[in-house]
Amino acid sequence: MKVAILDDYFDTLRTLPCFSKLAGHEVTVWNDHLQDIDRLAERLADTEALVLFRERTQIRAPLLERLPRLRLISQRSVYPHIDVETCTRLGIVVSSFQHPDTPSFAAAELTWGLVLAASRKIPQQMAALQAGKWQMGVGTTLRGKTLGIYGYGRIGATVAGYGRAFGMRVIVWAREAARTRARADGLEVAASKEAFFADCDVLSLHMRLVEATRGIVAAEDLARMKSSATLVNTSRAPLIAPGALVQALRAGRPGMAAVDVYEKEPVLDPRDPLLTLPNVVCTPHIGYVSRDEYEIQFADIFDQVVAYAAGTPTNVVNLDVLGHARR
């Protein structure tokens, strides 16, 4: 099969052991990022299997309808960037393993790295040192503080464990089923969403972005936070109402934020408000970007390509396509 891989920015996949799974296939790896439909249609004209890096490229109807040879899209985890309905109509199989038992430890570790960086002002202290200054302020110790986990899934539960290891009081707010799981794990559940936002010293978001969670953090929620609190978001930017975080940070509640995700990505304008505010620590959506995580994810993704080529597609999202899939 002719396989195309998009958005491998640092040409990492060729260096991973799992890449050998694609031996025998004609593989093209693209290291840049494109969203222009005309250029993508030209680039992918002969592609039969398309491999995606999570949500870096939007795969919508205007593009899909110009790819007559495309038979498979293979990726991992959630797929809000893929027009699954159009794929089904056109006979394109979408395979995406949901890894129900394994969290992204890479994302959990980055979350905790951001918590530490914000509490001790590590980027600001480094910038001051590079500018010839010795210390620029005083940080905050985490031990004894309250860590709030908003959304108690696999990553949220892992971050909660990190908080406990650092001697923090951990409280949870989530939908009822997740709150029940948190209680079963011995964690405290907040009395209400309002109390949760008001009580936390560090509040970390850990939810999937679906219609029910879009904008679930409103301006009034942020306004309830302490002026000394930190909001951490390594999940998805649209969990927060548009523009609300920047306005809240300018108003001083919360006092800091640490973010890995943005309303529009990639962020290439250094004048973006989140990049210019002194009370924000920013990283460029690198939660899952580690060699170890890539090996785990792309072993699954490449297995899906191999299975499809063998005539036994796996982890099919759009099962209705199987009766009229392209050949």
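**Notebook: salt bridges, sheet and rings**

I searched the structure for salt bridges and found 19, taking as a salt bridge a side-chain nitrogen of Lys or Arg within 4 Å of a carboxyl oxygen of Asp or Glu. The model is predicted: local features need pLDDT of at least 70, side-chain atom pairs count only at pLDDT 80 or more, and totals for chains, interfaces and linings use all residues. Residues are numbered from 1 along each chain as its sequence is written, and side-chain values use heavy atoms, with hydrogens and water left out.

**Entry 1. Salt bridges**

I looked up aspartate 38, whose side chain meets that of arginine 66 in a salt bridge (2.6 Å, N to O). Aspartate 38 lies in helix H1 (residues 37–43) and arginine 66 in the loop between helix H2 (61–64) and strand S4 (72–76), so the pair ties together parts that are 28 residues apart in sequence. Helices (H or I, at least four residues) and strands (E, at least two) are DSSP runs, numbered from the N terminus. Aspartate 38 counts as partly exposed at 47% relative accessibility, and arginine 66 counts as partly exposed at 39%. Here buried means under 20% relative accessible area, exposed over 50%, and partly exposed in between (1.4 Å probe, protein chains only).

I then turned to helix H7 (residues 176–184), which holds both arginine 179 and glutamate 176, three residues apart, about one turn of the helix. Their side chains meet in a salt bridge (2.5 Å, N to O). Arginine 179 is buried at 14% relative accessibility, whereas glutamate 176 is partly exposed at 41%.

Next I examined aspartate 221, which forms a salt bridge with lysine 193, the closest N and O atoms being 3.1 Å apart. This pair links distant parts of the chain, with aspartate 221 in helix H9 (residues 219–223) and lysine 193 in helix H8, 28 residues apart. Both aspartate 221 and lysine 193 are buried. I also noted a network of salt bridges that links Asp46, Glu48, Arg69 and Arg71.

**Entry 2. The sheet**

I traced an open sheet of seven strands in the order S8-S7-S6-S9-S10-S11-S12, with parallel pairing; two strands pair if DSSP finds at least two bridges between them. S6 and strand S7 (residues 169–173) pair in the parallel sense over five bridges, and glycine 148 stands opposite isoleucine 171 in S7. Helix H6 (residues 154–165) packs on the sheet, touching S6 and S7, and its direction makes about 175° with that of S6. Axes are lines fitted to C-alpha atoms, for helices over the stretch in contact (heavy atoms within 4.5 Å), and angles run from 0 to 180 degrees between N-to-C directions.

I checked threonine 230 in strand S10 (residues 230–233) and found this residue buried, with a relative accessible area of 8%. Beyond its neighbours within four places in sequence, the contacts of threonine 230 include Asp201, Leu203, Met225 and Met256.

**Entry 3. Rings**

I searched the whole structure for aromatic pairs and found 11. Tyrosine 150 and phenylalanine 197 form an edge-to-face pair, 5.8 Å centre to centre with 85° between the planes. Tyrosine 150 belongs to strand S6 (residues 146–150) and phenylalanine 197 to helix H8 (residues 193–199), 47 residues apart. Rings of Phe, Tyr and Trp (its six-membered ring) pair if their centres lie within 6.5 Å; planes under 30 degrees apart count as stacked, over 60 as edge-to-face and the rest as tilted. Tyrosine 150 is buried at 3% relative accessible area, and phenylalanine 197 is buried at 0%.
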